[in-house]
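Hi,

Have a look when you get a minute.

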Protein chains: 2
Amino acid sequence: MDRRQRKTREAIFRAFTNLLSEKDFMHITVGDIIDRADIGRATFYAHFETKDFLLKELCEELFCHIFDSMNNEHSDHRHIFNCDAPKSVFLHLFRHLSKNDNKILDLLSGRNNELFLQYFKTNLCKLIENQLPTFNADKNNSLPTDFRIKLIASTFVETVRWWVANGMKETPETITEYFLCAV
Amino acid sequence: MDRRQRKTREAIFRAFTNLLSEKDFMHITVGDIIDRADIGRATFYAHFETKDFLLKELCEELFCHIFDSMNNEHSDHRHIFNCDAPKSVFLHLFRHLSKNDNKILDLLSGRNNELFLQYFKTNLCKLIENQLPTFNADKNNSLPTDFRIKLIASTFVETVRWWVANGMKETPETITEYFLCAV
DNA sequence: TCTGTTACCGAACTGTTTGTTCAATATAAT
DNA sequence: ATTATATTGAACAAACAGTTCGGTAACAGA
């Protein structure tokens, strides 16, 4: 990739994430973004079709590679997760979230956390579907499977939300315990 | 209230809820609303400061009175809920949701259900806080209280979301069982 | 170093949306 | 009937979205 392209793209993402921690996505204008990124208007539209696509690509850059790496590790080194799954998988996830250059942390603690957690949830459901047999099925075994998956996903999301709202004081290990205790 | 005012207000709400079931709130313009409501532009702004305030007032009209009535019944006739709380409270809620003139149903099954369930959740947490001692505390008793409340609220919301996504085929009684089984 | 390619700039431009204003008209309240 | 108020339609400035294009700077390969 051209160095110029890369720099502009990074400048746009940086400006955009800054703005997201200040105001609603809905009220951020393209003008705001190009002012803060210090680039021309035409340049922005050369990179992203609309503001919505910018959000989409940011989310993919943030989350999808996490899940991809997760799935790869899961299939390549299945033994790692099978020793005490699903604990390892979610511990892994919480660790990723807690250290990703503080970029994810900023976005998740801002006004728009629902926005990102929505994207997050979509990927999460697939992951949980694979892990489902390893979950303790004592209590809500009688519930429909798709319902159970969504419940676990929303519990995970709510756990993350509570975690970041309280300043992420707990260790990933503790939070994993909380999550597994709740689900 | 002036009959003219009331009629315009209703026309705006009707047009707005129609549009909400068709496209994202973000992409609905004031022009769309006044066209469908068949009113003048100046009239819209005489009623609502912005599009966001219209959404806010719609949510209040839809949800807040439900919770108000709930809280009143709860304080006036405490015995009703104490016989087998928290079942009654949430059964009550599910019943409300399933029959409110199909207006709530439309909105909750549309593209913008996250939007409304967000408003919903805020009120829900207060209700759950009152009902908390009546919940089965066997499993996740060790978790922080505020965390437990948010978990229960998000489980309720996720239950509603799954319910409407599947066409609300289950009776309120069944869904209440599902919810209490999951929480 | 030279050359063709590609990205960025910035300024202008069209079309859309927002929110306001105002005089004229219609409806409600007393 | 008279007064008060809601609605209308049109026009308006300001903000915003998305496009176009000629000129400039940075890149990659020979």
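This is a predicted model: local features need pLDDT of at least 70, side-chain atom pairs count only at pLDDT 80 or more; totals for chains, interfaces and linings use all residues.

Asp38(A) isn't a glycine, yet its phi is positive, at about 60°. Why flag that? Because most residues other than glycine have a negative phi. Is Asp38(A) buried or exposed? Exposed, because its relative accessibility is 68%, and the cut-off for exposed is over 50%.

Chain B has its own entry here. Asp38(B) is in the loop between α2 (30-37) and α3 (41-47) of chain B, and its phi is positive too, at about 55°, again without being a glycine. With a relative accessibility of 69%, Asp38(B) counts as exposed.

Now the cysteines. How many disulfides turn up over all chains? Zero, from a search of the whole structure. Take Cys181(A): the closest cysteine sulfur to its own belongs to Cys181(B) and is 17 Å away, so that is too far for a bond. For a disulfide the two sulfur atoms would have to be within 2.5 Å.

On accessibility, Cys181(A) comes out as partly exposed because its value is 21%, while Cys125(B), at 17%, counts as buried. The line between those two classes is drawn at 20%.

Cheers

Methods. Residues are numbered from 1 along each chain as its sequence is written. Chains are lettered from A and ligands numbered from 1 in the order in which they are written. Side-chain values use heavy atoms; hydrogens and water are left out. Buried means under 20% relative accessible area, exposed over 50%, partly exposed in between (1.4 Å probe, protein chains only). Helices (H or I, at least four residues) and strands (E, at least two) are DSSP runs, numbered from the N terminus.
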